[in-house]
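Dear colleague,

Here is the structure for your files. My notes on it follow below.

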Amino acid sequence: MRGAGGYLVALGSGIVLSFAFPEPDLWWLAWVSIAPLLLVASARSFGRGFSLGLVYGAGFFGTLLVWISIVGWAAWGVLVVVEALFIALFAGVWGMVSGAYPRGAVRIVAAPVLWVAAESLRAIVPVGGFTWGQLAQSQHDLPWMLRPAALGGGWTISFLVVALNAALLEVVWSARARRWRTCAACAAVAVASLALPALVSPQDATGDRVRIAIVQGNVPRDFTGSFAAKELAILDSHARETEALSGEDVDLVVWPESAVGVDIERDPEVARTVAAAARDVGAPMIVGGNLDVDDEHYKVM
């Protein structure tokens, strides 16, 4: 597909992929929404594939990470562009590889290898990487699909999802060319991409079982108080939810990142609130908190 049409397909399918993630958690969209990018970027120059991938990535990350706008639209825009560059790199290389190797088998393997390489790269750069939007996260509601993660982590899931997309695209291409044997073989690969995970034996944990309570205390996004008041409201919300667990058989309580936004080491009242919550539930706690570095900086612990 040439001209602006290819970019519209890339943008739309990138947005569709974001819907496979929480929320709305339409996990099956991940099985088909990468194929359009593979289609429009196939057998293209690096530059054309790169630009198509950049548009796809902008649609995907722009929608998936829209919540970053609470920090500011500038922060959202910078993050979207940086993350989209990795998909652009994938699509640019895919364009060259798919043109050099027109056979279905090579393309079905090349697409997931390149995608996993891009995901791996953006998990470590820049500044320690950013892992939101890895394909494995879209499959979290499918325990059988997650089993291969025991063999190679989330990359294994990403490989299978992209291989499925590539195989489905090859099925369409082969059918249009009336290469029925190739079509059948590619269809078998597509089925295998979904069937093989179920054949991996579930991994059972050993040792004693523990019961962990994950506490997520929220405040409304339109909270109108000061920054300090908001941080205290978040703390109080977590404390109340934890106190509600009193009498439950809980071995450990976990509060998420920045649950304690005021330095617990500098504010005795905050320290007392956290300690009281731990006493009420009768269990040790892991608390995500912010510790002051100086008057203008803090670190997340």
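Which residues make a nonpolar surface patch of about 480 Å²? Phe-46, Leu-89, Met-96, Leu-121, Ile-124 and Val-125 make it. Such patches consist of residues with over 30% relative accessible area and no salt bridge, nonpolar side chains (Val, Leu, Ile, Met, Phe, Trp, Tyr) being joined within 5 Å. A salt bridge here is a side-chain nitrogen of Lys or Arg within 4 Å of a carboxyl oxygen of Asp or Glu. Areas were computed by the Shrake-Rupley method with a 1.4 Å probe.

This is a predicted model, in which local features need pLDDT of at least 70 and side-chain atom pairs count only at pLDDT 80 or more, while totals for chains, interfaces and linings use all residues. Residues are numbered from 1 along each chain as its sequence is written, and side-chain values use heavy atoms, with hydrogens and water left out.

Phe-46 counts as partly exposed because its relative accessibility is 32% (buried is under 20%, exposed over 50%, partly exposed in between). Ala-187, in helix H9 (residues 180-199), is also partly exposed, at 30%. Its C-alpha atom is 45 Å from that of Gly-72, and 115 residues separate Ala-187 and Gly-72 along the chain.

For the chain overall, 40% of the 301 residues are buried. The C-alpha atoms fill a box of roughly 75 × 45 × 30 Å along the principal axes.

Regards

Conventions. Buried < 20%, exposed > 50% of the residue type's maximum accessible area, 1.4 Å probe, protein only. Patch = residues over 30% accessible without salt bridge, like charges linked within 9 Å, V, L, I, M, F, W, Y side chains within 5 Å. Helix = DSSP H or I, 4+ residues; strand = E, 2+ residues; numbered from the N terminus.
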